[in-house]
Every structure is written in structure tokens, then in C-alpha cells.
Amino acid sequence: MTVTILPSVQLYLVRHAQAADGEPDELRPLTAEGRRAARELGERLAADGVRPDAVLTSPLLRARQTGAELARAAGIEPEPDERLAPGATADDVKAAAVGRGETVVVVGHQPDCGRIAAALTGGEEPPFAPAAMLAFELS
């Protein structure tokens, strides 16, 4: 019998930064404040020695723009993933992150981020402000 040990993944779950109001919803861009907050979060992760192997985002513009700022600080390209669109679950996040390296950043939406965090920890849904981040270890 062969036993395969899967490496754990350090997952950084990020809610997209502040977006402008408007329609259509999927094309709402980040505000100037949102861009600044996303850039600062990327810089903070880099300063803390976090080197993501992948930055995965919802396909919506505001999430892709947030991911671009996070990925820029890491020197990589963000990748949109349909599984991370609004309505994403913890299982969707796990499926997207598996096989993407040891450190993965996922950019999603609220209320999904709070629900995903609660599912991953077995605890209460935490508040998830724009550009907020929580780290988890997936095994």
C-alpha cells in the first residue's frame, strides 16, 4: 500500500479592497482608496516574508484588481478562477488552491470570505472588511 502525504498549504484569504458603486456589478473597479489598501496589503505581506506561489482571484474586476496589487508585490501574475466568484465556498477555495504551491493567496467577496473562514476554522463568521485578510493552514 502506498501512502501519499499531501503538503499543507498556507492560505491567505483576502476580501477584495473597496470598490466603486455601479453597474454592472462584475465590472465595478476599485476606488483610489481600494487600490492603495490593496497595494499596502501586498507590501505588508512581502515585508513579512510571505512569498505566494499563486494569487487566485474571483473573476470580478474588483477582485482581479486587488489580486494584481498583491501579486505585483510578490513578482507574480494573478490568476482569475471561476470557482472564486460570488457564492464561493470553502470547498471551492480548497479545490482552487490545491496543487498551486505551499503559499496561496485567494481574493474573494463578502459574505463568502466570512463563511469560508468559519467553515475552515469551525468557528464563528469573522467580520471581513474590504482588504481584510486571514491566514489558514490547509492540510
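**Salt bridges and strands**

Modeller: Asp25 has a relative accessibility of 31%. The model is predicted.

Colleague: Why is Asp25 called partly exposed?

Modeller: Buried needs under 20%, exposed over 50%. Asp25 is at 31%, so it counts as partly exposed.

Colleague: And Arg28, buried or exposed?

Modeller: Arg28 is at 17%, so it counts as buried.

Colleague: What makes Arg28 and Asp25 a salt bridge?

Modeller: The closest N and O atoms are 2.9 Å apart. The cut-off is within 4 Å, so the pair qualifies.

Colleague: How do you know that Glu79 and Arg100 form a salt bridge?

Modeller: Their closest N and O atoms are 2.7 Å apart. That meets the 4 Å cut-off, so the label holds. The pair links distant parts of the chain, 21 residues apart: Glu79 lies in strand S3, Arg100 in the loop between helix H3 and S4.

Colleague: Why are Glu79 and Arg100 called partly exposed?

Modeller: Glu79 has 29% relative accessibility, and Arg100 has 28%. Both values fall between the 20% and 50% limits, so both residues are partly exposed.

Colleague: What makes S2 and S4 a pair?

Modeller: Pairing takes at least two bridges. S2 and S4 have four, in the parallel sense, so they pair. Thr57 stands opposite Val107 in S4.

How values were computed: Residues are numbered from 1 along each chain as its sequence is written. This is a predicted model: local features need pLDDT of at least 70, side-chain atom pairs count only at pLDDT 80 or more; totals for chains, interfaces and linings use all residues. Side-chain values use heavy atoms; hydrogens and water are left out. Helices (H or I, at least four residues) and strands (E, at least two) are DSSP runs, numbered from the N terminus. A salt bridge is a side-chain nitrogen of Lys or Arg within 4 Å of a carboxyl oxygen of Asp or Glu. Buried means under 20% relative accessible area, exposed over 50%, partly exposed in between (1.4 Å probe, protein chains only).
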